[in-house]
Amino acid sequence: MPEDVTALANLLTVVGNQVSFADAQSLTATQLLLACTRPGIGDPTTGFLAAYTTAKD
């Protein structure tokens, strides 16, 4: 039975750390970076307009 309690606690921790788009959230800078880099979006602080302008010149 203790193994089941540990597994449940671990599952609840993982579920609690998921990013949800259903509710408004406030994320720390570290959480925001992870939320964007894990699916391959990249660094959310990147200035894409500046990068585009530099690249096209």
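You are looking at a predicted model, where local features need pLDDT of at least 70, side-chain atom pairs count only at pLDDT 80 or more, and totals for chains, interfaces and linings use all residues. Residues are numbered from 1 along each chain as its sequence is written, and side-chain values use heavy atoms, with hydrogens and water left out.

**Around Asp43.** This residue sits in the loop between H2 and H3. Which residues is Asp43 in contact with, leaving aside its neighbours within four places in sequence? Show Leu33, Thr37 and Phe48; contact here means heavy atoms within 4.5 Å. Then draw a C-alpha to C-alpha distance from Asp43 to Thr28: the two are 15 residues apart in sequence and 14 Å apart in space.

**On to Ser26.** Next, select Ser26 in the loop between H1 and helix H2 (29-37). Ser26 is exposed, at a relative accessible area of 69%.

Now move to Leu11, in helix H1 (residues 2-16). Together with Leu8, Leu12 and Val15, Leu11 makes a nonpolar surface patch of about 400 Å². Patch members have over 30% relative accessible area and no salt bridge; like charges are joined within 9 Å, and nonpolar side chains (Val, Leu, Ile, Met, Phe, Trp, Tyr) within 5 Å. A salt bridge is a side-chain nitrogen of Lys or Arg within 4 Å of a carboxyl oxygen of Asp or Glu.

**Zoom out.** Colour by secondary structure and the chain shows 3 helices and 0 strands, where helices (H or I, at least four residues) and strands (E, at least two) are DSSP runs numbered from the N terminus. The C-alpha atoms fill a box of roughly 65 × 20 × 15 Å along the principal axes. Of the 57 residues, 2% count as buried.

**Colour by confidence.** Finally, switch to pLDDT, the predictor's confidence in each residue, from 0 to 100. The chain's mean is 81, with 95% of residues at 70 or more. Among the elements, H1 has the lowest mean (82) and helix H3 (residues 48-56) the highest (87).

Note on methods
Areas by Shrake-Rupley, 256 points an atom, 1.4 Å probe, with all protein chains shown as cover. Buried < 20%, exposed > 50% of the residue type's maximum accessible area, 1.4 Å probe, protein only.
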